[in-house]
Amino acid sequence: MPHIQTLFEIHSSDLSLRHVLFHCAEPRRYTAPPEGRPVMGYSYCLRGDMLCSAPAAGFANQVRGGQGGLWKRPGTPLTVALSPGLHEWIEVEMRTDFVERVLEENDTRISLRLKSALRSGDAPFACNSGVDQKTRGILAEIFDCPFDGILRERRLVGKAMELVLEEFGRHGARRAASGSPHSHARQVREAAALLSANLETPLAIPELAARVGLGESTLARAFKKTYGLSLFSFFQAARMEHARRLLEKRELNITETAFSVGYSDPAHFTRAFRRHFGVPPKRLR
């Protein structure tokens with residue numbers, strides 16, 4: 001492994017913030033030890049070039065200087081390949097219960113795609129992007145903190161939280177522009193509500209389109225533009241999210257949960273649940 005220098009590290013009840021620096025004289029490849037549980041976070045690469053991969057999961061993510069994003073590291077080993085040179089990172093690691101609280105409390109504000117990725121069991125996930133002016137300002141305030149001791153810790157924790165919130169905001173549920181005559185925002189919201197309210201007996205697309213007053217193809221296009229998902233993908237994700245909540249409450253067994261979200265075959269439900277979250281439903285019981 002390369003020599004890693006931690007320039008500072010701050011912890012709170014919800015997250016931790018680290019500024020790390022490491023140098024490689026030549027290309028290096030090593031396996032990061034397993035954590036035993038998925039770890040979620042946000043990172044920003046100030047300089048360097050790194051490839052993280054989990055071959056068994058079909059996952060690979062290349063990160064270069066100037067990129068940042070949310071990620072989920074699997075509990076299993078992760079292979080890291082480093083290019084020669086200096087690497088510098090700001091990394092925020094988030095407690096799993098904190099992430100879950102954010103997703104639950106902002107259910108309609110965060111995209112289903114991101115929620116599903118972060119909740120998909122042990123499956124790795126990464127979403128790279130550049131940073132905007134606001135994020136650059138937050139990073140500058142982290143590096144230029146004028147305080148010491150407890151004030152420094154409190155300020156850095158607050159700025160780490162700002163980084164996380166800014167990144168979650170990038171993944172908000174997309175909405176059609178309300179001022180556009182072709183946005184069909186109201187009908188799309190009605191369609192989403194109808195899909196979510198009829199998980200046990202799904203509505204056929206012709207019936208759904210007729211109930212919201214749009215043609216089938218128009219509804220499909222407007223829905224995909226608003227939510228970033230097809231009608232079926234949205235419905236399936238809503239099904240799995242509702243099933244997950246039922247299982248976590250432990251009020252229904254797996255068969256009853258399957259029936260409540262429209263599956264007549266519990267085995268089919270189990271396969272769909274594992275495919276969506278990366279773990280079988282019995283793991284939540």
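What follows is a run of questions and answers on this predicted model.

Q: What makes up the protein chain in terms of helices and strands?
A: There are 10 helices and 10 strands. The C-alpha trace spans about 60 × 45 × 35 Å along its principal axes.

Q: Why are β1 and β10 said to stand at the edges?
A: Start with the order of the open sheet, β1-β2-β9-β4-β7-β10, six strands with antiparallel pairing. β1 (3–11) and β10 (125–126) each have a single partner strand, so one side of each is left without a neighbour in the sheet.

Q: How do you know that β1 and β2 pair?
A: Pairing takes at least two bridges between the strands. Eight bridges join β1 to β2 (residues 15–24), so the pair qualifies, and the two run antiparallel.

Q: What makes β7 and β10 count as paired?
A: The cut-off is at least two bridges, and two bridges join these antiparallel strands, so they count as a pair. Lys72 has Phe125 in β10 as its bridge partner.

Q: How do you know that β4 and β7 pair?
A: Six bridges link β4 (residues 39–47) with β7 in the antiparallel sense, and the definition asks for at least two, so this is a pair. Here Tyr42 stands opposite Leu70 in β7.

Q: Why is β7 called mostly covered?
A: A residue is buried when its relative accessible area is under 20%. In β7 (residues 68–73), six of its six residues are buried.

Q: How many of the residues in the whole chain count as buried?
A: Of its 285 residues, 46% do. The chain exposes about 14600 Å², with carbon and sulfur atoms supplying 52% of that.

Q: Which share of the contacts joins residues at least 24 apart?
A: Counting contacts between residues at least 6 apart in sequence, it's 73%.

Q: What about the positive and negative side chains, and how far apart do the centres of the two sets lie?
A: The chain has 40 positive and 31 negative side chains, and the two centres are 4 Å apart.

Definitions and conventions. Residues are numbered from 1 along each chain as its sequence is written. This is a predicted model: local features need pLDDT of at least 70, side-chain atom pairs count only at pLDDT 80 or more; totals for chains, interfaces and linings use all residues. Side-chain values use heavy atoms; hydrogens and water are left out. Helices (H or I, at least four residues) and strands (E, at least two) are DSSP runs, numbered from the N terminus. Buried means under 20% relative accessible area, exposed over 50%, partly exposed in between (1.4 Å probe, protein chains only). Contact means heavy atoms within 4.5 Å. Accessible areas come from the Shrake-Rupley method with a 1.4 Å probe; for residues, only the protein chains shown count as cover. Lys and Arg count as positive and Asp and Glu as negative; His and the chain ends are not counted. The place of a charge is taken as NZ of Lys, CZ of Arg, CG of Asp or CD of Glu.
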